[in-house]
Amino acid sequence: MSEPEIQNLSLERTVSNSSSVVSVKPGYINSPFSGKKDQYEQVLDILDSTGFIPESLIESEARWFYESLGIDDVFFARESANGIANHIHSLYSCKVQAFSNEFDETKDDALIQYKREAEDHAVFFETSNAISSSASTKSRNRFEERIDDKYIDPSNLSSSYRAEFFSAPLSYKTDPILAGVYQKNNKISNQWFNCYFVYKNQYEFENISKDETDLNKIGDSTFLKIASPNTKQLYSDIVKNVITTTGPVIRHFPIEDSEEYRVVIGFRQKTSARYSSALSDLANYYKLQTTRKYIEQFANGITIISMYVTSKQKKSPVDLSIYQVIKEASLLYCIPHNFFHHRFVKGELSLQESVYAQSGVIFVTHFLNRLGPEYNKLASLLDPSKSIQHAEVLGSLKRRLRAETYTQNYIQEVFDSRSDIVRKLYRQFADVHYIRSSMEKTLSYQRLSQITPVGTEEEFEHLLNRECSQNEHHAIVLRALYVFNKSILKTNFYTSTKVALSFRLDPSFLPSSEYPEKPFGMFFVVGNDFRGFHIRFRDIARGGIRIVRSRNEDAYNVNLRNLFDENYNLANTQQRKNKDIPEGGSKGVILLDHGAAQERPQACFEKYVDSLIDLLLKQHIPGVKDSYVDLYNKPEILFLGPDEGTAGYTDWATLHARDRGAPWWRSFLTGKSPQIGGIPHDEYGMTTLSVRAYVNKIYEKLGLDDSKIRKFQTGGPDGDLGSNEILLSRGENYVGIVDGSGVIADPNGLDKDELIRLAKARKMIDHFDKSKLSKDGYVVLVDDADIKLPHGQIVDNGVAFRNTFHLKLKEQFPDGVDLFVPCGGRPAAIDTHNVQELIDEKTGKSVVPYFVEGANLFITQSAKLILEKAGIVIFKDASTNKGGVTSSSLEVLAALAFDDHGFLANMCVDSTTHEKPKFYQDYVKEVQRVVVANAEDEFEALWKLHEETGTSFTELSDNLSVSINRLGDELANSKELWNDDIDFRNAVLLDSLPPLLLSVIGIDSVLTRVPEAYLRALFATHLASRFVYTRGIDSNPAKFLEFISSIRKEYVKKGLLK
């Protein structure tokens, strides 16, 4: 539809006493559509010529449409006379049908319901029962979810829509047909008429920045013409606030000389699906009538919703309801449509109860102990530590029990059927975490006080015995929800602004049979379109945040089942990997919901990080951040870093922590850009340097010529590890690479120059120049099907071929593969079920002699042991893949040691010259040297222990990590070494700190600025790692005392100790 000429269009108009809408509409220019009268005459002519409506009713039907429905002049200006005539015909039909069907307000059918949709606009009309109780869906606006799903939520710059909604009492007295319906059923006097208009936005400017704030550049042309200066100023302020914050910006104020309130909410598009319709449900729950709503979508990706609401019940004070809507609008933004939204709409659960229930369902899904005592008994009989076969059987049984017993859908059904008990458990949760001083008079507190709490654990068991005596499965699920309540140490659930729900959990509820090593701390995060965890094994710990994406719903269900275990294993591996640095191991995992969330990874990451910061900072900013109940009551700092899918977001997280007022913002994220003091792992190859140290050491120990090595790699030239492995690969001959796009293989060797080109450009192997393949080479992409390879094999499915190619090396490469370096791939890509594919069935020997595990958890522990028995030389991820964590640790140390001025001067790229400070360049070189030295030290220790004991490298790697970590924990807790011998303590710190850092900052400033807990960890780790690398894994007291004595002598010689 082309835009008509609009002259000072208005959202305000004067109507007759029979009008369905209040005539005062503040905030918009009040001049009418100049062509309205001529259009009206054209519509009458069309209706008359059509002949569908009796001639005597034509004018009254047209007048009813123009004057009694509260339709705004914007609609008439943009709609054609033929279109309006079609609407009048359709509404006339609806009224005739309502008359003939004898309308019954008790049924869930609308008196009038009509829609008409075109490419650039849409119109929806319906009636609803305004005074129905909130325990009914009769008052819901049925079209709003459709408008959200089809127009508002999918909007982008090329196809964006704005919407207007008007609602007022149905004008039936002057309409002959509706008057007839009234005579049959006077309950239609309770009906309201709702109008929805959706228009395609027309922006004047293109390529608008997401940080643009000029409304004249980002606004739709119609909005810019009809909005008053006051509205433009209000929206401009909200746009600026949305840009500088995460989550919704909420404003509210009363309308002068009116009983209405205006609620205005701004937020980033595509961050909260169906939020507009959910806001209407929230207003309806608190018995508020929405009379008008405007949804404006700006070209910078910001949406502003403006709602005008008033009380449905004249005796009910509107202030309390408005307060509750404002209070809960942020909670609703976090999860606009929860699993129990239908119960919320009916009034059976409050929003807080239903969102709590959803969080509980997700918790129980991941943590309900599905294995039972029978599994534990079997595990004690089949000791997995003594038999790989036993471990394999138990692992298979565990996976099957978890997949086939208590599914998320089943748990949701239990919560639904036992909602009374769930409400009691919500009361228990609220009694602990709701700060009462500010809410004792609120509607939510009034409702909460009517719920009987569950009482003690004994009383809760009595309740379950009484209510669930015939269904033990229900009792098991509800007990897990009780465990959820008891494990929560703090939460942002009741803070006034938030973007996702976060819970700090006490990990002691984890069963030792499944998780033998207890984490130090856990965070559980629930968002609108994701869920996530963060696990750390020490108070001072660091590790990356990874995003898990799913190609389809089946893949999502697999990822869902494995999510927490993957997070636990990654953090545990990180703990073993971090043995050389002060920080223990941690890891965060974000699982994107299947569907639209797969395209919004950054938005999910931002919500995850912001919700973690909520619980790391104690802030009280009225109207923005409230206090929360802190049962942990100790300061916490997390050190995060990049991992799969998050490398591009580290700068945002760092600056966001600064904007949130976090004093530790400089050290919060590692792997950030040099502009803000980061040392990017990929740019300097930090992770790969460690992996390469192991590869080079294998060549050195075994006297191998790298030019004769045939090499296979998972993880392509587009990734950090994969690209740098190619760039640092010396003379090795690549025969195959697998990455996200597919498989490339050439038994005669892939063109090295072409691989280097892709690695420098960070492009996948689907960009490989196929002309540089030999006659035996081939590329199979994931979307390929029915491809014939040069040696005759038919590939039916590209995805399946890619996913299993690493297991088919002996088939694909007749001349063999010498070295396998996984630089990417999903965890457990090689396990006890498929490891035999890599063992020659005739000789019993591994088809690959050398294996350096660059990617985390690529191969399971049991599979490694099987391969070592088959003769492979293999080094596991906890030993090889520690270059990145070493670099990150030294980056954190510099961030902690400098003050803001020194950090900007020495660690950040100059904003004017764009040059890196000399200190930064020299510090990066020092970090690279430390990365290689640490890797070589551990390699030498493992090689020596293997020669002395014959124990597998896989087991020795774990033993060495455990020994360092155990000794480090003991030393960190040693008051004697830390407090009683300060000179020795400072000598150890001087020896462990980078000389360059000390030369610029000085030991005194380091001791003052770096938190004591971090210094203790640095002190302990330095001693523990040196001891184990030089003295072995046996840390008996006599041996350690001898080590300390030798260290003292060394420090005296160096002048560190007198």
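A salt bridge, for this tour, is a side-chain nitrogen of Lys or Arg within 4 Å of a carboxyl oxygen of Asp or Glu. Keep that in mind as you click around, and remember that what you have open is a predicted model.

**Stop 1**

Select Glu636 and Arg504. They form a salt bridge, with the closest N and O atoms 2.9 Å apart. The two residues come from distant parts of the chain, 132 residues apart: Glu636 sits in the loop between helix 22 (601-616) and strand 15 (639-642), while Arg504 belongs to strand 10 (residues 501-505). Is Glu636 buried or exposed? Glu636 counts as buried, because its relative accessibility is 3%, under the 20% cut-off. Arg504 is buried too, with a relative accessible area of 1%.

**Stop 2: strand 10**

Strand 9 (residues 488-491) pairs with strand 10 in the antiparallel sense over 3 bridges. To find this pairing on screen, pick Thr491, whose bridge partner in strand 10 is Phe503. Strand 11 (residues 521-526) is also antiparallel to strand 10, and these two pair over 5 bridges. Which residue of strand 11 stands opposite Leu505? Select Met522 and you have it.

**Stop 3: an exposed pair**

Next, pick Asp783 and Arg551, whose side chains meet in a salt bridge at 3.6 Å, N to O. This pair also links distant parts of the chain, 232 residues apart. Asp783 lies in the loop between strand 19 (778-781) and strand 20 (787-788), and Arg551 in the loop between strand 13 (541-548) and helix 21 (553-577). Asp783 counts as exposed because its relative accessibility is 67%, and Arg551 is exposed with a relative accessible area of 56%.

While you are looking at charged side chains, select Arg546, Glu566, Lys587, Asp643, Glu644 and Arg826 together: salt bridges that share partners join them into one network.

Lys210 counts as exposed at 52% relative accessibility, and Asp211 as partly exposed at 42%. How many salt bridges does a search of the whole structure find? The answer is 73.

**Stop 4: where two domains touch**

Zoom out and colour by domain. The domain assignment includes domain 1 (32-156 + 168-197) and domain 2 (201-335). Their centres, taken over C-alpha atoms, are 25 Å apart. At their interface, 16 residues of domain 1 are in contact with 22 residues of domain 2. The two domains bury about 1700 Å² between them, with 41% of it on carbon and sulfur atoms.

Across this interface there are 3 salt bridges. For a salt bridge to display, select Glu144 and Lys293, whose side chains meet at 2.9 Å, N to O. The count of residue pairs in polar contact between the two domains is 11. On the side of domain 1 that touches domain 2, the elements giving two or more residues are helix 3 (73-78) and helix 5 (144-152). Finish by highlighting helix 5, which gives the most to that side, with 6 residues.

Notes
Residues are numbered from 1 along each chain as its sequence is written. This is a predicted model: local features need pLDDT of at least 70, side-chain atom pairs count only at pLDDT 80 or more; totals for chains, interfaces and linings use all residues. Side-chain values use heavy atoms; hydrogens and water are left out. Buried means under 20% relative accessible area, exposed over 50%, partly exposed in between (1.4 Å probe, protein chains only). Helices (H or I, at least four residues) and strands (E, at least two) are DSSP runs, numbered from the N terminus. Two strands pair if DSSP finds at least two bridges between them. Domain bounds come from an automatic or database domain assignment. Contact means heavy atoms within 4.5 Å. Buried area is the accessible area (1.4 Å probe) that two parts lose on being put together, summed over both. A polar contact is a pair of N or O atoms within 3.5 Å; within protein, one must be able to donate a hydrogen and the other to accept it, and residues adjacent in sequence count only if both atoms are side-chain atoms.
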